[in-house]
Amino acid sequence: MINDPAEPNSPEPNSPEPNRPEPDANPSRSNVLGAADEGFVRRVAQLIRDAHHVVVLTGAGLSTESGIRDFRGPDGVWTKDPDAEKYSDIRYYAADPEIRKKAWRHRYDGTFTSAQPNTGHRALSRLATAGHLATLITQNIDGLHQAAGYPAANIVEIHGTVQRFTCLSCGNGGPIQRVIDRLDSGEDDPPCLRCGGILKSATISFGQSLNAEDLERSHRAAQRCDLFLALGTSLTVYPVAALPEIAVRSGAKLVVANGERTAYDSAADEVSHARLGPLLSAIASAVLGDADGVSHGREELSVRPGS
Ligand SMILES: [Zn+2]
């Protein structure tokens with residue numbers, strides 16, 4: 001289950017769920033939670049209340065409701081570009097300035113800088129600031145958990161972030177806006193201002209290893225938790241996809257919520273394929289016993305009559 005040779009250790013994190021259908025493309029999945037979802041919400045809220053150490057893993061499915069586009073799907077931004085694979089491969093990126101120019105143009109076309117956290121991000125932040133969630137491991141590179149107010153010290157961005165840049169030679173880094181400003185002023189492949197080296201977004205590309213410290217932190221979190229929530233991830237990208245198994249082997253309960261089935265559905269204590277925003281909003285309100293989720297979108301909490 002945890003060894004899938006078809007999956008490289010780190011695919012381009014801009015498409016953490018390659019070739020997966022866009023969850024929002026399913027018209028049957030609306031903002032209205034059904035009766036089955038209501039039961040899920042009630043039971044998961046109880047699990048969260050009973051747990052002492054809850055660890056969360058999030059993937060692309062959480063950010064689609066913020067309009068973060070699928071890069072490799074049928075309508076993916078990169079699918080139509082013959083150089084697409086090269087942007088996400090460090091060997092091409094490091095060797096070819098034309099690839100870097102295109103990568104900067106494509107990656108910073110406004111998608112990430114304009115995206116806002118959705119109700120799912122906000123629900124997790126509410127639970128975390130109330131002390132119910134500990135470490136959050138995310139495969140997403142968009143920085144939306146931080147933007148939603150999840151305590152930054154508790155976030156592990158296992159595939160890096162587009163919100164920062166790094167120099168491939170000297171490791172110099174900083175907020176991505178500094179590079180965007182240089183792109184806006186006409187540079188197309190801005191070199192490192194400290195050493196002249198190649199700059200890149202601080203994401204993990206093909207050919208790059210995951211950050212060992214981040215991976216170790218994730219493993220430790222999975223081992224010590226008593227409840228593991230896997231949200232919006234198809235759990236096919238290793239080694240991150242092994243985390244739920246580590247948690248379960250350590251005695252934790254497992255909750256899976258994702259638009260499509262995952263390999264862990266049968267191993268999970270609770271499973272839902274409903275839309276994450278409304279689902280997490282309802283869970284947060286159930287745990288916290290407040291009306292915040294209602295005030296942020298009444299329709300999200302309503303239950304379809306007779307369903
Ligand atoms: Zn440098």
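Q: How should I read the numbering and the confidence limits?

A: Residues are numbered from 1 along each chain as its sequence is written. As this is a predicted model, local features need pLDDT of at least 70 and side-chain atom pairs count only at pLDDT 80 or more, while totals for chains, interfaces and linings use all residues.

Q: Which residues does F228 touch?

A: Leaving out residues up to four places away in sequence, F228 touches V55, A222, P244, A247, A252 and L254. Contact means that the two C-beta atoms, placed from the backbone, lie within 7 Å.

Q: In what order do the three strands of the open sheet stand?

A: Strands of a sheet pair through backbone hydrogen bonds, either parallel or antiparallel. Here the order is β5-β4-β6, and the pairing is antiparallel. β5 (173–175) and β6 (199–203) are the edge strands, each with a single partner, so one side of each has no neighbour in the sheet. Strands are DSSP runs of E with at least two residues, helices are runs of H or I with at least four, and both are numbered from the N terminus. Two strands pair if DSSP finds at least two bridges between them.

Q: How many bridges join β4 to β5, and how many join β4 to β6?

A: Three bridges join β4 (residues 160–167) to β5, and five join β4 to β6. On the β5 side, R164 stands opposite P175, and T166 has G173 as its bridge partner. On the β6 side, T161 stands opposite A202. β4 and β5 form a hairpin with five residues between them, and G171 in the turn has a positive phi of about 80°.

Q: Why is β4 largely enclosed by the rest of the structure?

A: Six of its eight residues are buried, so β4 is largely enclosed.

Q: How many residues of helix α7 are buried?

A: Ten of the eleven residues in α7 (residues 119–129) are buried, including H121, R122 and R126. After α7 comes G131, with a positive phi near 90°.

Notes: Buried ≥ 20, exposed ≤ 12 C-beta atoms within 10 Å, placed from the backbone.
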